[in-house]
Amino acid sequence: MRLCIMTEPQLGASYDDLLRIARRTEECGFEGFFRSDHYLTFEGSGLPGSTDAWLTLAALAVQTSRIRLGTLVSSATFRLPGPLAISVAQVDAMSGGRVELGLGTGWFEAEHRAYGIPFPPLRERFDRLAEQLEVITGLWSTPLGETFSHHGRHYDVENSPGLPKPVQSPYPPVIVGGTGLTRTPALAARFADEFNLPFVSAADAAVRYAAVRRACEVGNRQAPLVLSAAVTVVCGRSDAELRRRIDAIGADPEALRAGGGVVGTPGEVVEQLREYAAHGASRFFLQVLDLADLDHLDLIASEVAPQL
């Protein structure tokens, strides 16, 4: 199993906070550091305010050396597909080929209202996501010296040189994720290298992974599709340490478990992750919510990761 650290900076984190935890992620031997792409906190003040995901990743690209970097996931409502393809390709070059693009429909209406971003109905957001995936992968995969065009309902691209090209070949891994049983699996089967299931129980994961496998069969997909899961993690060596970490993020342990969290001692966290793995998950994005608690990463790296 491959383990990445995933953060939610909109809840309250500066760039320095993210740099500190990204570097500890690298020191601890985790595979990657991923962040959400949001402009507004879900709760609390969110101070000092959210940071832009791709600006952050560009800086981390030159201030880290090994870990993979990406979004889980960027919203298709936030950026036009052509400029996004350029940004991701540039960050890929800055990192020496360590970037991954997670892309989704967007769902948090309040942040769109707060920053003047249009928020179309769900069906249109899915249509836009599908077109963005087609445009971005089309731009990246267009051979040098040739041009790419796309004429869709929402985006028109005319004779684009598809530059710059990413470092990774044929292009950076694309992650599509969500809990839907129809359109999301179909988009993952068509465009993605990885399907990510965010914050559901292992039992629910089994149902949704099955839907993705069916979509791959229907679409006659030949390349293997990585199955992954994003889970909130709270781990403690003792009951007291575990309770301290739960209290620090203001969570209820039972609610965490019900919402796709893994909670407990290192051994208990391992067993809970193995439940997802039994249904096909081979990569985990461990969401840590207290970004000041670097010892939490040390514990997971030293006592959870070796057992997996």
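Start by selecting helix H2: its buried residues (buried means under 20% relative accessible area, exposed over 50%, partly exposed in between, with a 1.4 Å probe and protein chains only) pack against helix H1 (15–27), strand S2 (32–35), strand S3 (68–71), strand S4 (74–75), helix H3 (81–95) and strand S5 (99–104). Packing here rests on contact, which means heavy atoms within 4.5 Å. Helices (H or I, at least four residues) and strands (E, at least two) are DSSP runs, numbered from the N terminus.

A quick word on what you have open: this is a predicted model, where local features need pLDDT of at least 70 and side-chain atom pairs count only at pLDDT 80 or more, while totals for chains, interfaces and linings use all residues. Residues are numbered from 1 along each chain as its sequence is written, and side-chain values use heavy atoms, with hydrogens and water left out.

Still on H2, colour residues 53–63. The buried ones are Ala53, Trp54, Thr56, Leu57, Ala58, Leu60 and Ala61.

Next, pick strand S1 (residues 2–7). Five of its six residues are buried, so S1 is largely enclosed by the rest of the structure. Now show its partners; two strands pair if DSSP finds at least two bridges between them. S1 runs parallel to strand S12 (residues 283–287), joined by five bridges; look for Leu3, whose bridge partner in S12 is Phe284. S1 also pairs with S2 in the parallel sense, over four bridges, and there Thr7 stands opposite Arg35.

Ala229 sits in strand S10 (residues 226–235) and counts as buried, at 1% relative accessibility. Leaving aside neighbours within four places in sequence, Ala229 touches Asn196, Leu197, Tyr209, Tyr276, Arg283, Phe284 and Phe285.

Now for a pair of helices: select H10 (residues 266–278) and H11 (residues 294–304), whose axes come within 10 Å and cross at roughly 75 degrees. That makes H10 roughly perpendicular to H11. (Axes are lines fitted to C-alpha atoms, for helices over the stretch in contact, and angles run from 0 to 180 degrees between N-to-C directions; under 35 degrees counts as roughly parallel, over 145 as roughly antiparallel, 65 to 115 as roughly perpendicular and the rest as oblique.) Show the side chains: Pro266, Val269, Val270 and Leu273 in H10 meet Leu299, Glu303 and Val304 in H11.

Last stop: Thr184, in helix H6 (residues 183–191). Is Thr184 buried or exposed? Buried, with a relative accessible area of 6%.
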